[in-house]
Amino acid sequence: MVGAITGAPVNMAPIDIVTAAMQEAAERMEPNRPYSIQRAAVVAANASLHERELLKLDALSAAAAHALHGRGVPELAATMAAESGVSVFKVGFDTWVGAGPEVTFAQCIHACLDELKGLTAAAQ
């Protein structure tokens, strides 16, 4: 994911960079959907695994923010884009494992990003 962030085109908005990196990860995960569904159920049923999952998502967000900041994105913007991107990834993942096989993980991420953009546009 960090490689996708650092290698993104210069003119992309930080949130779009993070989302593209998350969609790339989603595409790599797609063939492992049965495993992901089973893993999600195990994590949801075990509080300590759920806590560990949240720690991993926090580390992912920190790595994304660091990579964005390294591209020259101001710290606050880098942190907000990274946290938002990881939230989109998390909700997209939860949606994906609960959806039917006709829905891809990348589609779920795209739908979540559209929802987030709609929420922020409505606030303006």
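In the predicted model, the axes of helix H2 (residues 14–29) and H5 approach within 9 Å and cross at roughly 30°; axes are lines fitted to C-alpha atoms, for helices over the stretch in contact, and angles run from 0 to 180 degrees between N-to-C directions. H2 is therefore roughly parallel to H5 (angles under 35 degrees count as roughly parallel, over 145 as roughly antiparallel, 65 to 115 as roughly perpendicular and the rest as oblique). The crossing of H2 past H5 is right-handed. Pro14, Ile15, Val18, Met22, Ala25 and Met29 of H2 make the contact (heavy atoms within 4.5 Å) with Ala81, Ala82, Ser84, Gly85, Val86, Phe89, Phe93 and Trp96 of H5. By class, 12 nonpolar, two polar and no charged residues take part in the contact of H2 with H5.

Residues are numbered from 1 along each chain as its sequence is written. Local features need pLDDT of at least 70, side-chain atom pairs count only at pLDDT 80 or more, totals for chains, interfaces and linings use all residues, and side-chain values use heavy atoms, with hydrogens and water left out.

H5 also packs against helix H6 (residues 105–122), at an angle of about 130° and with the axes 8 Å apart. The two helices H5 and H6 are therefore oblique to each other, and H5 passes H6 in a right-handed crossing. Ser84, Val88, Phe89, Val91, Gly92, Phe93, Thr95 and Trp96 of H5 form this contact with Phe105, Cys108, Ile109, Cys112, Leu113 and Leu116 of H6. The contact of H5 with H6 comprises 11 nonpolar, three polar and no charged residues.

For H3 and H4, the axes come within 7 Å and cross at roughly 115°, which makes H3 roughly perpendicular to H4. Here Arg39, Val42 and Val43 in H3 meet Leu49, His50, Glu53 and Lys56 in H4. Three nonpolar, one polar and three charged residues make up the contact of H3 with H4.

The largest pocket holds about 480 Å³ of space. A pocket is an open set of points on a 1 Å grid over the protein atoms alone, where a 1.4 Å probe fits, with protein on both sides within 12 Å along at least five of seven lines; lining residues have an atom within 4 Å of a point. Of the 18 residues lining the largest pocket, Arg39, Glu53, Leu57, Phe89 and Phe93 lie nearest its centre. Helix H3 (33–44), helix H4 (47–70) and helix H5 (75–98) each contribute at least two residues to the lining. This lining has 10 nonpolar, three polar and five charged residues.

Technical notes:
Grid points are joined across faces, edges and corners, and a volume is the space filled by probe spheres set on the points. Helices (H or I, at least four residues) and strands (E, at least two) are DSSP runs, numbered from the N terminus. Ala, Val, Leu, Ile, Met, Phe, Trp, Tyr, Cys and Pro count as nonpolar, Asp, Glu, Lys and Arg as charged, and the others, Gly among them, as polar. A crossing is left-handed if the near helix is turned anticlockwise from the far one by less than a right angle, and right-handed if clockwise.
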